[in-house]
Amino acid sequence: MEQLRLIGLDDTVVFPSMTVTLPVDVGDDSRVFLVPRHDKEYAAIGVVAEVVERVRLQGGGKATVFKGLHRGAAGAARSAADGQLLVDVEERPDVTPAPSHTAELEREYRAVVLEILDLRGDDGRVAAFVRAITEAGMLADTSGYSPDLTFAHKVQLLETLDVVERLTLALRLQRERLAELQVRKRIREDVESGAQKQQRDYFLRRQLDSIRKELGEDESSVADEYRQKIIAAQMPDAVRAQAEREFGRLERMGDSSPEASMIRTYIDWLLAVPWAHRSEERLDPVHARAVLDADHAGLDDVKERIVEHLAVRKLRTERGVPNDRRSGIILTLIGPPGTGKTSIGESIARATGRAFVRMSLGGVRDEAEIRGHRRTYIGALPGRLVRAVRDAGTMNPVIMLDEVDKVGADWRGDPSAALLEVLDPAQNHAFRDHYLDVELDLSEVLFIATANVADTIPGPLFDRMEVVRFDGYTVEEKIAIARGYLWPRQVERNGLRPDEVSIEDGALHTVVSAYTREAGVRQLERELGTLLRKTATRIAAGTIVAPATVDDAVVREALGRPKFHQEAAVRTAVPGVATGLAVTATGGDVLFVEAATMAGNGELVLTGQLGDVMKESARIALTYVRSHAAALGIDEGAFRRREFHIHVPAGAIPKDGPSAGVTMVTALTSLLTGQPVKHTLGMTGEVTLQGRVLPIGGVKQKVLAAHAAGLTDVVLPERNRGDIDDVPADVRAAMRFHFADCVDQVLALALEPRQHAIAA
Ligand SMILES: Nc1ncnc2c1ncn2[C@@H]1O[C@H](COP(=O)(O)OP(=O)(O)OP(=O)(O)O)[C@@H](O)[C@H]1O
Ligand SMILES: [Mg+2]
């Protein structure tokens with residue numbers, strides 16, 4: 001027991017390891033006892049503190065710097081000669097519990113405090129301090145620094161001697177603070193975005209006004225400026241009338257009204273629409289074709305369709321054919337990612353001399369996004385169309401409705417309804433944005449839409465579309481695109497000159513076939529970028545001297561192990577696996593259908609994220625094989641007390657459609673007869689219960705995928721025979737096509753000679 005000088009702290013709590021400076025003189029004492037008090041009432045527990053420094057204040061007073069050491073309880077007290085109070089102190093340092101008791105609490109506490117600091121905008125220093133503390137008791141005591149805790153709470157913390165109890169208490173208190181802060185933040189944000197923003201605008205305007213006055217530009221000149229602008233904008237009569245009406249309101253109301261800033265914003269928006277601006281349109285098909293050719297390699301059929309579309313527009317304009325519902329067909333580019341849809345849209349704008357704006361519709365679910373909010377909403381703004389026209393700066397731009405297949409609809413309304421109106425020539429000369437609330441003539445806009453797949457485009461919208469398909473590129477086409485466009489562009493982006501680096505054809509081929517698997521060329525461009533970045537680094541570092549040539553060896557070194565292998569041979573080496581051809585949102589692809597059997601009671605298990613239609617195909621396949629077992633050379637017994645499992649790997653990608661039917665029959669037959677499937681052959685086609693092979697879609701994309709995967713033979717439904725005209729000639733020459741009416745023919749083509757049959 002030690003006798004120490006008692007210092008009462010009014011409404012202040014000092015914790016162990018805190019440093020405080022107090023305006024007291026403690027004589028020669030090296031330790032004191034600091035006890036919080038309120039209205040002369042002392043807390044039960046105080047802190048034993050050591051004197052760190054004695055300070056002489058300006059004006060002669062004395063102060064002392066103390067550092068808290070540990071807790072203590074006060075015993076008997078007596079007055080000293082100098083009138084100071086001395087107390088017996090029973091020291092109560094923390095008893096640190098086993099870490100296992102406190103680890104969870106500590107973690108929680110830190111997390112809560114760090115979140116609070118984050119909300120308060122701490123610069124990281126306090127957070128680092130809290131993180132550095134390893135003792136549970138001390139950690140709880142950091143609450144003593146919290147500006148949000150009341151004196152009573154802090155005393156309570158001080159008086160809690162048990163460390164676990166104290167940390168639990170501190171955690172509870174801080175959690176309450178956190179919840180409070182979060183609510184406060186939310187309220188602040190709500191208010192700021194609404195009323196307070198108006199207030200702020202108002203004050204800024206007041207400041208602006210006084211600055212103007214200082215500069216000698218008084219109120220009336222600002223008003224004049226608006227009047228001038230309204231005249232200069234050459235708005236249609238109705239719009240000008242509306243602008244003048246609003247402007248009159250603004251003048252009458254005076255700048256001090258909070259509504260004034262809303263009216264100004266509105267007038268600014270009216271002024272932002274390029275009412276009288278249009279670019280000189282060029283509708284010359286020959287010139288258009290030349291521009292399209294300059295920007296994109298290949299895509300002949302696509303370019304042709306586009307030029308035709310433009311030619312028809314030209315004729316209609318020249319002959320003054322009135323626009324009706326049927327003439328408003330909108331050009332829609334549909335195809336896998338990276339095949340040049342967006343970029344050909346830009347080319348169309350260039351070819352026709354129009355401005356270009358892209359409007360991404362991906363994830364738009366609210367009609368107001370397209371059409372704006374009514375002005376009665378706080379923070380209302382015009383919709384995307386008005387903004388697109390403003391960005392274009394002309395009334396006749398090309399507006400690309402990108403990703404129309406990804407517009408959604410929910411309770412906030414259906415954006416596609418607004419789009420329909422915009423695309424309808426009978427209505428779009430008088431489009432009404434909710435915010436602007438005046439008629440906007442969109443009839444001169446050339447709308448072009450893009451999508452990855454046609455299925456998810458809302459039906460009524462799809463009806464009005466003229467679809468141009470981008471099916472993906474052949475290896476040769478990709479190489480040509482790389483040479484002519486991607487390589488030069490990446491050379492430039494990486495700070496190199498064309499004469500400094502070149503790439504061999506063989507190396508390009510390797511990049512295309514071993515490092516990318518895609519219908520488009522995005523990945524290819526990225527890989528070329530990587531290649532050139534590494535080359536540029538080497539040239540800059542002096543490891544190699546320009547001009548550098550990129551060959552196969554350089555490719556392998558820079559890009560690492562090839563990412564794709566021609567895997568059909570490995571996969572189909574065992575009976576029960578067949579190679580199918582499919583179309584997904586990313587283009588054509590080969591997929592392997594695997595069949596297995598084991599003891600069971602006739603069930604069919606299906607895995608690989610198959611859609612309903614694909615599941616039905618699998619059932620049909622099994623029924624077909626079972627009902628034709630004898631003819632297929634399969635022992636009836638093979639089905640008794642067995643179950644079957646069909647899996648289509650790459651389980652993360654959802655697959656659907658009937659076109660895997662023939663592949664499933666082939667996989668099952670292969671499994672049950674023990675005859676493996678030819679590894680150079682891919683197939684596609686729907687199968688009926690009678691074994692007829694029905695036609696399917698996406699022939700071009702599927703054949704391109706088969707070619708890219710190294711297959712040489714493709715089995716297609718007889719009725720798809722005409723579709724192979726769409727396949728580029730070089731691919732057609734490199735592949736053998738087989739056409740089948742019934743699944744027997746498919747099996748005869750696909751199965752290798754028998755190895756061994758599965759025993760019943
Ligand atoms: N035929 C081509 N000739 C030259 N460059 C091309 C060609 N096809 C695509 N590209 C280039 O490939 C890149 C990707 O094309 P783009 O962004 O237009 O793809 P997209 O079809 O719009 O894809 P997504 O569906 O993902 O939006 C662009 O930089 C484009 O210039
Ligand atoms: Mg795009």
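Author: Let's start with aspartate 25, which is partly exposed, with a relative accessible area of 42%. Here buried means under 20% relative accessible area, exposed means over 50%, and partly exposed is in between, using a 1.4 Å probe and protein chains only. Keep in mind that this is a predicted model: local features need pLDDT of at least 70, side-chain atom pairs count only at pLDDT 80 or more, and totals for chains, interfaces and linings use all residues. As for bookkeeping, residues are numbered from 1 along each chain as its sequence is written, chains are lettered from A and ligands numbered from 1 in the order in which they are written, and side-chain values use heavy atoms, leaving out hydrogens and water.

Aspartate 25 has a salt bridge to lysine 62, with the closest N and O atoms 3.8 Å apart. (That term means a side-chain nitrogen of Lys or Arg within 4 Å of a carboxyl oxygen of Asp or Glu.) The pair ties together distant parts of the chain: aspartate 25 sits in the loop between strand S2 (19-22) and S3, while lysine 62 is in strand S6 (residues 62-79), 37 residues apart. Helices (H or I, at least four residues) and strands (E, at least two) are DSSP runs numbered from the N terminus. Lysine 62 also counts as partly exposed, at 40% relative accessibility.

S2 pairs with S6 in the antiparallel sense over four bridges; two strands pair if DSSP finds at least two bridges between them. In that pairing, leucine 22 stands opposite threonine 64. Threonine 64 is also the bridge partner of arginine 54, and S5 (residues 45-56) pairs with S6 in the antiparallel sense over eleven bridges. Five residues separate the strands in the S5–S6 hairpin, where glycine 59 takes a positive phi near 90°.

S6 then pairs with S7 (residues 85-92), again in the antiparallel sense, over seven bridges. Alanine 77 faces valine 87 in S7. This hairpin has five residues between its strands too, and glycine 83 in the turn has a positive phi of about 90°.

Back to salt bridges: the structure holds 46 of them. Another one joins arginine 31 and glutamate 2, with closest N and O atoms 3.2 Å apart. These two are 29 residues apart, with arginine 31 in S3 (residues 31-38) and glutamate 2 in S1 (residues 2-10). Arginine 31 is partly exposed at 24%, and glutamate 2 is partly exposed at 25%.

For a local contrast, arginine 107 and glutamate 104 meet in a salt bridge at 3.3 Å, N to O. Both lie in helix H1 (residues 99-120), three residues apart, about one turn of the helix. Arginine 107 counts as exposed at 51%, whereas glutamate 104 is partly exposed at 49%. Elsewhere, salt bridges that share partners join Arg172, Glu176, Arg177, Glu180 and Arg184 into one network.

And the promised helices: Leu508, Val511, Val512 and Tyr515 in H17 meet Gln523, Leu524, Glu527, Leu528 and Leu531 in H18, where contact means heavy atoms within 4.5 Å.
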